[in-house]
Amino acid sequence: MLSRVAASIYWMSRYIERAENVARVVGVNNQLVLDLPGQDAEQWDPMVKVTGDEADFRARYGGATRANVIDFLTFDALNPNSIVSCVTTARENARSVREILSSEMWEEINRFYLFLRQPGARERALWDAHAFFREVRRSSHMIEGTKNETMEHGEAWHFSQMGRHIERADQTTRILDLKYFLLLPSAADVGKPIDDLQWGALLRSASGLEAYRRMHGRVAALTVASFLLLNREFPRSVQHCAGRAQASLHAVTGTPARRFANAAERELGRLVADLDYTDIGDVVSTGLHDFVDTLQEKLNHVGNEITRTFFAPSSGSAPSD
Amino acid sequence: MTFDGYDTEGFHDEMFQADGSPRPEARLLVERIESLPAGELIRRHQAAERALLNTGITFTVYGDEQGTERILPFDIVPRIVTGEAWEPIERGLKQRIEALNLFIDDVYHDRKIVRDAVIPAAVVESSQGFRPQCAGLDPPGGVWCHITGTDLVRDRDGTVYVLEDNLRCPSGVSYLLENRAVMQETFPAVFEGLGVRPVNDYPSRLLQMLEDVAPPSQSRPSVAVLTPGVYNAAYFEHSFLAQQMGIELVEGRDLAVVDDRLQMRTTRGFEPVDVLYRRIDDDFLDPTCFRPDSLLGVPGLMELYQRKRVTLVNAPGTGVADDKVVYAYVPDMIRYYLDQEAILPNVPTWLCWRDDDRRYVLDHLSELVVKAANEAGGYGMLVGPASTPGERREFAARIEAAPRNYIAQPTLALSRVPTRIAERFEGRHVDLRPYILYGRDIYVLPGGLTRVALRKGSLVVNSSQGGGSKDTWVLAC
């Protein structure tokens, strides 16, 4: 397929996934605050930190109140990672390749975009946040489901899968990092009920609480980290996402498993192998924050190599990070 | 909603006779619409418009910073054409396209028609679409105008005239196909009862035509649609047609001339393109041949085309016949090349570069429609009866300054079709743009895009000027 088209599909999928994850984090935090009255600023502050646009936020909004953060992360057109910006970029990419997408899938992307641009959406996100952010997640799922059921699982689909899973892996590390910020000032509080609430919320933002309980029962910090990083079956764990991205990458090139024919395959192969032979003890000895940091770097690397291998010299909408 | 009190107001109405009764072919539809429960037609109309918005069947409004996309307003009452009325239109269009194609080929070769003094050389060479670079080109099968959208109108007495020939990159066929899809969902029973001729095979006929005009080769030709990109007003259509045909939609930056072939950049390296359905103007095709500042095209493309390594659709230079002065000579072309009389008449046309014609036009500005010879989209136009003295003075000055650029025609009383305006039906003026494909032979898509002037009394149907569209039903008999 055309390099430009492959790039657009890849970025379209990354941006939809990014929008979904912003909604996950905001939605869950919004609920968590209900259980932790009187800590408004403390709860909203870390959310700005993990998005990576903290300086911009401080300059334009000042304090991290609920309304400010929701607005910045959801509707702010100047924030390239706000839900509205992500979906607009995704739709621009989709529009430039809509002949490749199934009509049904394009329609779902377009609906998502129109939903966010509805009059009154801003107000609704504040007074009916639960329903609003659930609708954002649902829109992303509709796109993904429609894609899987209406598009042939050929090259275009595999590039979309790569984008989805690399972005999701990256977002899961960010969600974990969110917890790192939460824990830092109160290391002594580990194991207290309030901590359980927070780790539970973290799992819920990855739709993982129910699966976690079935597998592990009680919520415990290390088990949660292990679950989100290393579980092979849970669809939002980094390990699972890296494996799925690898399968699609090899489906595109036809390179046999455990071999590589280009730098993208080599980088991603190394990452998957590393995770294969990591246990939570390694994570603890490295330190959760450092481990997650390195992981994000490696994922970035994989993304760059995919770009160099398949999309250069003409690429779709340039990434903002 | 009912048609009670609907008034044809002395115009030719496509649905009702002068005495207020429906035409026989429209009776079933009128009954069906009138039998719908109160509010149902409006509800269906709104559902149809919402469906068009959700599927993103939109055009981009130029000059709007937000890049606003709008749907082409769509009216729920279709226009019906009987098989009997359609037959001469189809024959007339085939005849016209055949003659126009012979004319274009002649212009870029021996110019017999000029030597025989049927058309002045000055008219040909001053046409904005004339490209001297195309002299001597021999497109495969001798076909230049592969895709044409010819605008037809019907006057008060029922006569169908050709208003203009769009031979460059006529757009609108995607609206026609989508309108049909929406109408089939809205009035399934009426479709069954009437025997409406299908249009849904257009994309496969288009693909067939594109493959038929490929350069000679052993394997199945590779075809692509070339678009200026996502910000072009007709981008939806480019993408829609590529999707429906299952072929690549490419931009200039995806293409390069490599190893003496036109190739596109793919994830597996370069892959060849044999036929390019280009939706960009001649001037932007190849900076080494036409406009040097164009970033939309491909350097070296024309040289490949000249050597028949790739086919361009429509052929470059085709626009020479897409000029309102050249238009006036089409009946003469039909006589000259085919030895036949035109089946579909032209609207009588005064050419302002002729002294007698210009004097007449300047004396009768308040009765005539004056058009710029090279403008499209309803721009550069004066509708005499609706004009102010100031506008007429301005046009008189423009005509005096550049007589070659202007033509004038009588103001036709365009036929009307009932159109839903809020809670009632009112007559609105329409034209019709059928689409014609020319590959191995000439094919006319039954019907076409009916464009409707939604403003009361307006004769301008262009989407940029407040026009909308209707589905067009050509009946089996």
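Predicted model: local features only at pLDDT ≥ 70, side-chain atom pairs only at ≥ 80, totals over all residues.
I started with the helix contact in chain A: A:Ile83, A:Val84, A:Val87, A:Thr88, A:Ala90, A:Arg91 and A:Ala94 in α5(A) meet A:Trp106, A:Ile109, A:Asn110, A:Phe112, A:Tyr113 and A:Leu116 in α6(A). Residues are in contact here if their C-beta atoms, placed from the backbone, lie within 7 Å. Helices (H or I, at least four residues) and strands (E, at least two) are DSSP runs, numbered from the N terminus.

Residues are numbered from 1 along each chain as its sequence is written, while chains are lettered from A and ligands numbered from 1 in the order in which they are written.

Still on α5(A) with α6(A), I sorted the contact by class and got ten nonpolar, two polar and one charged. Nonpolar covers Ala, Val, Leu, Ile, Met, Phe, Trp, Tyr, Cys and Pro, charged covers Asp, Glu, Lys and Arg, and the others, Gly among them, are polar. The two axes come within 10 Å and cross at roughly 145 degrees. Axes are lines fitted to C-alpha atoms, for helices over the stretch in contact, and angles run from 0 to 180 degrees between N-to-C directions.

Next I looked at α1(A) against α5(A). They pack at about 160 degrees, axes 8 Å apart. That makes α1(A) roughly antiparallel to α5(A) (under 35 degrees is roughly parallel, over 145 roughly antiparallel, 65 to 115 roughly perpendicular, the rest oblique). I counted twelve nonpolar, three polar and one charged residues in this contact.

Then the chain A–chain B contact, which takes 19 residues from chain A and 17 from chain B. On the chain A side, α1 (3–35), α5 (83–95) and α6 (103–116) each supply at least two residues. α6(A) gives the most, with five. That side divides into six nonpolar, five polar and eight charged residues.

Two bridges join β13(B) to β16(B), residues 406–410. I found B:Trp350 opposite B:Ala408 in β16(B).

Last, I checked the domains of chain B: the assignment gives domain 1 (216–309) and domain 2 (350–410), with bounds from an automatic or database domain assignment. Their centres, taken over C-alpha atoms, are separated by 39 Å.

Definitions and conventions
Contact = placed C-beta atoms within 7 Å. Pairing = 2+ DSSP bridges.
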